[in-house]
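Dear colleague,

Please find below the structure that I am handing over to you. My notes on what was found in it follow directly after.

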Amino acid sequence: MQKTEKNKSLNPTNFKFYRAVMINSTSIKLKIYLSFFLLLSNFINGQTIIEGQVTDSLLNPIAQVSVVLKSDTSIITYAYTDESGFYKILTNKDGIFTLDFSSLSFQKIKTSIQITSKKERIVKNVTLVDKTFVLDEIIIKADIPIKVKKDTIVFNASSFTDGTEEVTEDLLKKIPGIDISKDGDISIQGKSVDKVMIEGDDLFEKGYKLLTKNLNADVIDKIEVLQNFSSNPLLKGIGTNTKTALNLTLKEDRKTQLFGNATLGYGTSQFYENRVNLISFNSKTKYYLFGNLNNVGIDPTGDISQIINPNYQPSASSIGDEFSAKNLINIDTGTPNIKKQRINFNNTEFASFNGIYNSSEKLKIKGLALVNIDENDFFRQSEIQFLIPNNLTNTENIKADKKSITGFGKLDVIYNINDDSRIEYIGKYNTSKQKSNSGLLFNNEVYNQRLLNKSKFTDHKITYTNRITSNNVLLIRGRYFYDRKPQNYFLDTFLYEDIFPDSGTIENINQKNTSQVEFLGIEGNYIINRKNKNIDIKLGYKRNYEKFFSSFFLIDSSQIVKQAEAKYNNDFTLQFEDIYGEVSYLYRLKRIGIRTTLKTHQLLTTLKNNKTSRLKPSFYTVPSILFNWSINKRNSLSALYKYDTKNITLSDIYSNFALTNFRNFRAGTGGFEQLTGSIFLTNYTYGDWADEFIANASFLYRKNNKYQSTNTEIARNFSLSEKIILNNGQLYTININADKFINKLSSNIKIRGSHTQTSFQNSINNERLRDVKTSLYTYGIEMRSAFSGVFNFHVGTDWTTSIVETSSKNTNTDVTSFLDFTFNISEKITCKLKNERYYFRNLNSSTYYFSDFEAQYIIKKNALTLKLTAQNLWNTDSFANYSINDQAITTTEYRLLPRYFLLKLNFRF
């Protein structure tokens with residue numbers, strides 16, 4: 001990709017603000033979309049109906065019988081009998097087929113049927129004969145296997161593919177009950193997935209997007225959903241783990257050989273995309289090598305921070321994950337609600353290697369190494385209208401380029417001492433460097449800013465597990481890590497005359513700051529598990545040392561550097577030692593489980609600024625109670641109440657101001673505080689994996705007795721924000737998700753909705769505290785077809801409404817819609833057309849359309865494929881959005897990657 005010249009003018013006339021789509025163009029696009037809907041309606045009409053009743057030998061109706069319509073080589077469609085034993089199947093196929101009837105405790109029946117007309121109605125009644133057998137596992141969908149075995153649900157990948165899937169993420173999107181966000185985060189029935197494994201091995205921890213966004217879908221045989229998952233096998237069945245994980249199993253012919261694929265792509269305007277996967281999984285060694293070179297906006301890592309330091313919630317396998325060093329200052333580029341690939345002007349070089357060596361039954365060694373080199377350009381224009389009495393408005397036009405290099409290594413050694421005990425060591429090392437340069441047009445004045453970020457992170461964990469008896473486990477964990485992030489920021493102008501009135505002829509400013517964390521901790525659990533109860537006793541010690549340093553320098557016309565007054569410099573340390581204990585007791589009564597937990601903490605805190613002060617020891621408790629009720633096979637209910645206490649970190653404490661971007665200064669509270677509040681959470685789930693309808697609803701309420709807020713002074717060229725502690729804030733959120741398979745339409749419908757409301761106070765320009773209430777409503781629906789013919793579609797829409805109420809009320813509504821088509825023209829040729837529509841009610845009814853096209857030709861099956869892709873067919877060159885908060889209304893326009901065509905050749909071996 002050719003770079004934009006660095007000295008190109010930022011004159012707004014070269015980059016039109018508030019661009020709207022022209023009426024004639026919109027009309028043409030709507031006509032095209034309508035024609036596809038007509039095609040869809042014609043396709044659905046004229047299907048054959050196959051129906052009947054299934055009874056036992058006494059003519060009693062049998063419910064939940066699996067009825068599968070099959071050809072010689074594949075499954076056409078399926079249905080289940082209702083409570084009266086009736087079923088109905090629709091198909092647009094003709095020919096000779098097989099109907100399979102199967103149900104637990106009955107012998108399977110196969111019968112042949114012939115369909116001679118697409119408007120034919122066929123009645124087929126059958127009688128099933130009883131069959132006695134020992135039940136090892138439940139096969140819910142006989143030949144579209146969805147199998148349930150204890151806490152594992154297994155999906156046969158081939159039953160959910162149509163040949164258009166390129167990577168694992170494409171396949172997972174088609175599995176019922178699995179949702180994938182725009183960022184690639186995976187959830188199952190509303191619950192986040194903690195990890196995605198391959199053949200039982202965890203390669204990337206929370207950074208599983210690197211796997212799901214790059215591993216070819218056609219090598220996957222089965223997808224296993226692991227409920228109540230524990231990465232430590234000695235804890236399986238002994239604790240109360242509620243984590244969920246996915247395990248991908250490979251096709252048998254892939255397990256005994258080296259295999260992989262390589263993609264070479266080159267297109268117009270010097271765009272390119274190249275990637276390679278090289279995989280070998282055998283009994284002794286397993287490795288996965290991945291590389292990616294592209295400038296088409298693709299981020300191959302998903303979120304690299306989740307690979308380097310995944311932020312798990314504290315659990316039986318982690319300690320200290322709540323602490324990390326933080327970058328203070330940022331050249332703000334932001335991301336709109338649009339596919340990141342459209343705005344990411346990148347030049348990415350990425351390589352990673354994962355290896356697993358099973359030297360013996362007792363010893364396993366896992367290693368991960370990766371290097372990421374990236375160059376990113378970014379273009380943004382903003383108009384910010386501050387909600388203060390004088391109606392202050394600023395304009396910010398930014399053209400930025402960032403160059404970064406990241407290196408990361410991880411070593412995981414697991415030694416099984418014997419069948420009942422093991423020890424595991426995990427070591428990590430990360431180093432990174434990022435240089436950012438930005439041209440800034442602020443209120444029609446041109447400035448330049450530079451930022452250098454560095455990072456160094458080293459981490460060591462050791463875990464010892466001993467299953468003393470079949471019901472008792474001793475678990476001991478220790479961890480040490482060091483995290484340091486220095487920054488150096490430079491701005492070639494001086495905007496702060498009102499803050500430094502006697503500063504003289506200052507022309508430039510410079511700030512150097514460093515955030516540093518050093519952590520040491522050890523804790524042990526003793527778990528006792530019985531038939532109706534579980535007791536978990538934990539003791540631990542944590543020592544966390546945090547240091548924050550910032551120096552603000554003023555540089556005059558003679559390049560003389562002087563340090564600003566103390567109010568704009570920080571040298572602050574916080575050390576606290578936490579001696580804690582926890583007792584958790586779970587009692588089970590048939591389908592009901594009640595867990596009560598009491599945590600106690602003795603906190604010793606030391607603050608150091610100009611002088612060292614050791615604060616009074618603090619003792620506090622955190623009680624909670626959790627209720628679970630499995631009402632029946634399809635209905636479950638849970639509820640949690642917790643009274644919580646949180647310790648604020650050093651990034652919230654430092655007392656003097658520090659620059660966080662070119663015009664914003666921020667200061668902390670100046671002292672150590674504990675934030676208290678209570679949480680109530682309830683969740684209801686309806687449906688089982690055998691059902692055509694699955695739903696999930698949750699409600700969260702948080703009462704903040706003490707919370708952090710801000711006192712902000714806003715001026716044209718700067719703002720000064722101080723954190724303050726206030727009382728009585730609250731938040732509640734409601735989420736609803738439903739997943740329905742409509743057999744008559746061979747389609748799946750997903751409906752989702754949520755509402756979040758917060759209430760808090762803050763202060764603007766030293767006025768009295770003001771009440772702030774924010775509301776966020778999101779709701780959406782999508783429909784994905786599963787036709788066995790040439791044509792399939794995926795259509796949906798999402799609405800987001802934001803409301804902010806202070807002394808006035810501001811509302812914003814955004815609508816995002818999509819309409820995707822897939823055409824399997826033949827066994828060798830497949831075409832896909834993806835369409836997106838964005839509508840912003842507050843941007844003068846601005847509407848944006850995007851269309852992407854892909855054609856695939858299989859030269860040699862499972863060996864060689866040719867693809868032609870076209871991105872941004874309408875060649876939309878900018879994208880604007882509108883956002884509101886309690887301080888400002890912001891309208892932002894982003895520059896987009898232009899239309900391009902890419903020819904890709906994929907080799908598989």
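Leaving aside neighbours within four places in sequence, I186 is in contact (heavy atoms within 4.5 Å) with L172, I178, D179, I180, K191, S192, V193, V196, Y208, T212 and L246. I186, I223 and L246 are the residues that touch the most other members of the largest nonpolar core, which has 66 residues. A nonpolar core here is a set of buried Ala, Val, Leu, Ile, Met, Phe, Trp, Tyr and Cys residues joined through side-chain atoms within 4.5 Å. Buried means under 20% relative accessible area, exposed means over 50%, and partly exposed lies in between, with a 1.4 Å probe and protein chains only. Strand β30 (residues 570-589) supplies the largest share of this core, 4 residues. A second, separate core of 29 residues includes F442, Y489, F500 and A715.

Please note that this is a predicted model, in which local features need pLDDT of at least 70 and side-chain atom pairs count only at pLDDT 80 or more, while totals for chains, interfaces and linings use all residues. Residues are numbered from 1 along each chain as its sequence is written, and side-chain values use heavy atoms, with hydrogens and water left out.

Strands and sheets

Strands (E, at least two residues) and helices (H or I, at least four) are DSSP runs numbered from the N terminus, and two strands pair if DSSP finds at least two bridges between them. An open sheet of 3 strands has the order β12-β13-β14, and its pairing is antiparallel. Its edge strands, β12 (178-180) and β14 (191-192), each pair on one side only. Strand β13 (residues 186-188) is joined to β14 by 2 bridges, and these strands run antiparallel. S187 has S192 in β14 as its bridge partner.

A hairpin of 3 residues joins β19 to β20, and the bridge partner of S280 in β20 is Y287. On to the next pairing: β20 and strand β21 (residues 345-358) are antiparallel over 10 bridges, with F290 opposite S352 in β21.

A further set involves strand β31 (residues 592-608), which pairs with strand β33 (residues 618-630) in the antiparallel sense over 12 bridges. β33 also pairs with strand β34 (residues 635-647), again antiparallel, over 7 bridges. The hairpin from β33 to β34 passes through 4 residues. L626 of β33 stands opposite R595, and L626 has L640 as its bridge partner in β34.

Two individual residues

V225 is found in strand β16 (residues 220-229). V225 has a relative accessible area of 0% and is therefore buried. Although V225 and T152 are 73 residues apart in sequence, their C-alpha atoms are 5.6 Å apart in space. Beyond its neighbours within four places in sequence, V225 is in contact with D151, T152, I153, F155, I188, T244, A245 and L246.

Y686 is found in strand β37 (residues 674-686). With a relative accessible area of 27%, Y686 is partly exposed. Y686 and N632 are 54 residues apart in sequence and 9.6 Å apart in space, C-alpha to C-alpha. Leaving aside neighbours within four places in sequence, Y686 is in contact with R634, N635, F693, I694 and A695.

Aromatic rings and charges

The structure holds 34 aromatic pairs. Rings of Phe, Tyr and Trp (its six-membered ring) pair if their centres lie within 6.5 Å; planes under 30 degrees apart count as stacked, over 60 as edge-to-face and the rest as tilted. F699 and Y732 form a tilted pair, 6.4 Å centre to centre with 35° between the planes. F699 lies in strand β38 (residues 693-714) and Y732 in strand β39 (residues 719-742), so this pair ties together parts that are 33 residues apart in sequence. F699 is partly exposed at 27% relative accessibility, and Y732 is partly exposed at 23%. F821 and F823 form a stacked pair, 6.4 Å centre to centre with 25° between the planes, and both F821 and F823 are buried. Ring pairs also link F494, Y496, F500, F552, Y568, F657 and F665 into a cluster.

A charge sits over a ring if NZ of Lys or CZ of Arg is within 6 Å of the ring centre and within 35 degrees of the ring normal. The charged end of K542 sits over the ring of Y580, 5.3 Å from its centre, and R895 lies over the face of F379, at 4.4 Å from the ring centre.

Yours sincerely
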